[in-house]
Amino acid sequence: MKIIILGAGQVGGTLAEHLASEANDITVVDTDTDRLRDLGDRLDIRTIAGKGSFPTVLRQAGADDADMLVAVTNSDETNMVACQVAYTLFHTPTRIARVRESAYLTRAGLFSNEAIPVDVLISPEQVVTNHIKRLIEYPGALQVIDFADGKAQLVAVRAYYGGPLVGQQLRQIREHMPTVDARVAAIFRRNRAILPKGDTVIEADDEVFFIAAKTHIRAVMSELRRLEISNKRIVIAGGGHIGERLAEAIESRYQVKIIEANPARCRYLSDTLDSSIVLQGNASDKDLLVEENINEVDIFLALTNDDEANIMSSLLAKRLGARKVMSIINNPAYVDLVQGGEIDIAISPQLATIGTLLTHVRRGDIVSVHSLRRGAAEAIEAIAHGDAKSSKVVGRMIGEIELPQGTSIGAVIRAEQVLIAHDDTLIESGDHVILFLVDKKHIRDVERLFQVGLTFF
């Protein structure tokens, strides 16, 4: 695909990195020449210096025959105008824009071909807020992903010493839980992926990804680790877009306190939020944390824009007795350094957002793509179409499908039913199939599996 990315910031840069490794023709446009030089040195891509919404710059970037425009600059207005120009002058088929300001997002009918022609809106703040909300709802999970509107969920947990299944073979899950159908899709052991088989033994400290119907998730988690007590008290450091949205989403069910340094922002938050308590101060202020009984807090969330401030306040909160700490970390190099040590979960906003973008780049009928293990692996939800003649998957049992190396099918969702994948599960047209790839270089082969042959038409 020929793709133009406007914005070489964290989201644009990470997206270019993902797509360039998959043999796409990528051009990145930005006004910051240093960033462009850095990207151009590392990746096999074209770079253009200029303002992404200018017609001349878009033409120079190859908009005349581009398949897709992804506008992810820091300015909502630039992103929207660029989509308008690409639609009006260059008839670019797919236009994706990052729009952060909720004032634009709440207006129905604003984003359509008759008004502002954006096919896909991306709000990184909303994606990250949903991601954190699911982690709060499932204490002990490292990642929680919804498929088919939440009917099935993929959950990552770290197997603990003393968990009922640790030291046992995977096939014994069925004996432990005869009424629950679940499938372990991937195991990461010492940062290496293992494709699970029936005789694979789970070790303590393994990161285990399993899929099950939403109603069975807690039962499976209890087999892999001691179930944690549910969360009640939550402290959010940073009252920016994400802090505000998260507090709004959870304040009716949890006791929420927000620590924010800016007095004007504090006043705004206390006027906007219903029951959250807003404290003006610095989240790295030890006296403030002690005064607010940090040792009784279930989750401390560091959600400011400053990686170093997030890391330091999280470490301090943990040292002072907070039960669990999570931190937003933008610099990918830091994420691996801190996750799993004093900081329980490091959240990478770019990787949470990348999945939304990749969904629209994948060929075949792909509903959603999720980055696992900080981009090392992917979970994909694809829809099977066609019949036994035109499709490589429809009308076949899972055991008969020739899957690319390092790929497994975790579940099939048919209407309201969640069918955990077994060798004799038959795939029908219209089924949502959940696949796992531990090696992303086979992504094209997976897409081809779900593309319908010409006989279908």
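Mentor: Two strands pair if DSSP finds at least two bridges between them. This is a predicted model, and in it D30 stands opposite A49 in β3. Strand β2 (residues 25-30) and β3 pair in the parallel sense over four bridges.

Trainee: In what order do the strands of the open sheet lie?

Mentor: The six strands follow the order β3-β2-β1-β4-β5-β6, with parallel pairing. Pairing on one side only marks the edge strands, which are β3 (46-49) and β6 (120-122). On average, neighbouring strands of this sheet are turned by 15 degrees against each other, direction ignored.

Trainee: Which strands of the sheet does helix α4 touch?

Mentor: Helix α4 (residues 76-90) packs on the sheet and touches β1 (2-6), β4 (68-71) and β5 (94-98). The direction of α4 makes about 170 degrees with that of β5.

Trainee: Is helix α1 mostly covered or mostly uncovered?

Mentor: A residue is called buried when its relative accessible area is under 20%. Helix α1 (residues 10-20) is mostly covered, since nine of its eleven residues are buried. Among them are V11, G12, G13, T14 and L15. Towards the other end of the list come A16, H18, L19 and A20.

Trainee: How should I read a β-α-β unit, and where do I find one with β12?

Mentor: Strand β12 (residues 233-237) runs parallel to strand β13 (residues 255-260), and five bridges join the two. Within this pairing, V235 has K257 of β13 as its bridge partner. Together with helix α9 (residues 241-250), β12 and β13 make a right-handed β-α-β unit.

Trainee: What does β13 make with helix α10 and β14?

Mentor: β13, helix α10 (residues 263-272) and β14 also form a β-α-β unit that is right-handed. The strands β13 and β14 (residues 277-280) pair in the parallel sense over four bridges. Here the bridge partner of I258 is V278 in β14.

Trainee: With which residues is I236 in contact, leaving aside its neighbours within four places in sequence?

Mentor: The contacts of I236 are G243, L246, A247, V256, K257, I258, I259, L301 and L303.

Trainee: How does one describe a pair of aromatic rings?

Mentor: A pair of aromatic rings is described by the distance of the centres and the angle of the planes. The structure holds one aromatic pair. F188 and F209 form it in an edge-to-face arrangement, 5.7 Å centre to centre and with 70 degrees between the planes. The pair links distant parts of the chain, with F188 in strand β9 and F209 in strand β11 (residues 207-213), 21 residues apart.

Trainee: Are F188 and F209 buried or exposed?

Mentor: Both F188 and F209 are buried.

Trainee: What should I look for in the backbone angles?

Mentor: Most residues other than glycine have a negative phi, and most peptide bonds are trans. H91 has a positive phi, near 50 degrees. This residue, H91, lies in the loop between α4 and β5 and is exposed, with a relative accessible area of 61%. D205 also has a positive phi, near 80 degrees. The loop between β10 (192-194) and β11 contains D205, which counts as partly exposed at 48% relative accessibility.

Trainee: Where does E101 lie, and with which residues is E101 in contact beyond its neighbours within four places in sequence?

Mentor: E101 is placed in the loop between β5 and α5 (102-105). At 35% relative accessibility, E101 counts as partly exposed. Leaving those neighbours aside, E101 is in contact with D76 and H241. A separation of 28 Å lies between the C-alpha atoms of E101 and Y334, which are 233 residues apart along the chain.

Definitions and conventions. Residues are numbered from 1 along each chain as its sequence is written. This is a predicted model: local features need pLDDT of at least 70, side-chain atom pairs count only at pLDDT 80 or more; totals for chains, interfaces and linings use all residues. Side-chain values use heavy atoms; hydrogens and water are left out. Contact means heavy atoms within 4.5 Å. Rings of Phe, Tyr and Trp (its six-membered ring) pair if their centres lie within 6.5 Å; planes under 30 degrees apart count as stacked, over 60 as edge-to-face and the rest as tilted. Buried means under 20% relative accessible area, exposed over 50%, partly exposed in between (1.4 Å probe, protein chains only). A crossover is right-handed if, with the strands pointing away from the viewer, the path from the first strand over the helix to the second runs clockwise. Axes are lines fitted to C-alpha atoms, for helices over the stretch in contact, and angles run from 0 to 180 degrees between N-to-C directions.
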